[in-house]
Amino acid sequence: MSQHSTLFGVVLGAAIVGATLIVRDALEDPETAEAVRGKVKAGYAQVKSKVGEGYSFVKDKVQEGYAAAREKAGEAGESIRQRVDNDPTVQRIRKKVKDIRRAAEPAETYFADSEPVEEQNNDAETVVEIEAGIREPEKEQE
């Protein structure tokens with residue numbers, strides 16, 4: 001360790017001890033203690049005010065950033081949607097689906113009066129009798 005760092009340590013220690021003694025003396029004296037408390041309260045109020053302003057500023061900036069990001073995302077989504085809509089493959093698929101639907105529309109009239117498939121076989125009381133020629137196995141003769 002050099003002499004300069006040792007000297008710096010001694011000066012720093014003396015400053016800390018001196019500041020501590022001054023604060024202790026100030027707090028023990030009733031008149032000075034009240035003045036110190038007033039300054040501490042005023043400093044606290046000032047810091048609280050600055051922190052509140054900083055919080056408000058940061059909150060506003062975050063909201064502005066959120067709005068800008070939302071707008072950019074909306075623009076990107078619209079751009080993607082347009083690219084997909086204008087893609088030839090997607091247009092061919094949509095045309096095929098439209099043609100299939102158009103071809104299926106005339107068949108709808110045939111099925112309009114019939115029950116849906118799920119409801120046709122839900123009758124629990126329906127009994128189905130099956131007659132079939134059942135052949136008895138031949139018994140072996142002993």
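In this report, "buried" means under 20% relative accessible area, "exposed" means over 50%, and "partly exposed" is anything in between (1.4 Å probe, protein chains only). Keep that in mind, as it comes up again and again below.

What you're looking at is a predicted model, where local features need pLDDT of at least 70, side-chain atom pairs count only at pLDDT 80 or more, and totals for chains, interfaces and linings use all residues. Residues are numbered from 1 along each chain as its sequence is written, and side-chain values use heavy atoms, with hydrogens and water left out.

**The overall picture**

Helices (H or I, at least four residues) and strands (E, at least two) are DSSP runs, numbered from the N terminus. Of its 142 residues, 1% count as buried. The chain exposes about 14100 Å², and carbon and sulfur atoms supply 58% of that. Such accessible areas come from the Shrake-Rupley method with a 1.4 Å probe; for residues, only the protein chains shown count as cover.

How far can you trust it? The predictor's confidence in each residue is called pLDDT, and it runs from 0 to 100. The protein chain has a mean pLDDT of 79, with 75% of its residues at 70 or more. Confidence is highest in α2, at a mean of 89, and lowest in helix α4 (residues 117-120), at 52. Where pLDDT is low, the predicted coordinates should not be read in detail.

**Salt bridges**

A salt bridge here is a side-chain nitrogen of Lys or Arg within 4 Å of a carboxyl oxygen of Asp or Glu. A search of the whole structure turns up six of them.

| Pair | Closest N and O atoms |
|---|---|
| Glu78 and Arg81 | 2.7 Å |
| Arg94 and Asp85 | 3.1 Å |
| Asp99 and Arg102 | 3.2 Å |

Take Glu78 and Arg81: they sit three residues apart in helix α2 (residues 30-86), which means about one helical turn separates them. Glu78 is partly exposed at 36% relative accessibility, and Arg81 is partly exposed at 48%.

For the next pair, Arg94 has a relative accessible area of 46%, making it partly exposed. Its partner Asp85 is partly exposed too, at 29%.

Now for helix α3 (residues 88-111), where Asp99 and Arg102 lie three residues apart, about one turn of the helix. Asp99 is partly exposed at 32%, and Arg102 is partly exposed at 49%. Salt bridges that share partners join Lys95, Asp99 and Arg102 into one network.

**A nonpolar patch**

Which residues make a nonpolar surface patch of about 330 Å²? They are Phe8, Leu12 and Ile16. Patches are made of residues with over 30% relative accessible area and no salt bridge; like charges are joined within 9 Å, and nonpolar side chains (Val, Leu, Ile, Met, Phe, Trp, Tyr) within 5 Å. Phe8 has its place in helix α1 (residues 3-28), and at 59% relative accessibility it counts as exposed.
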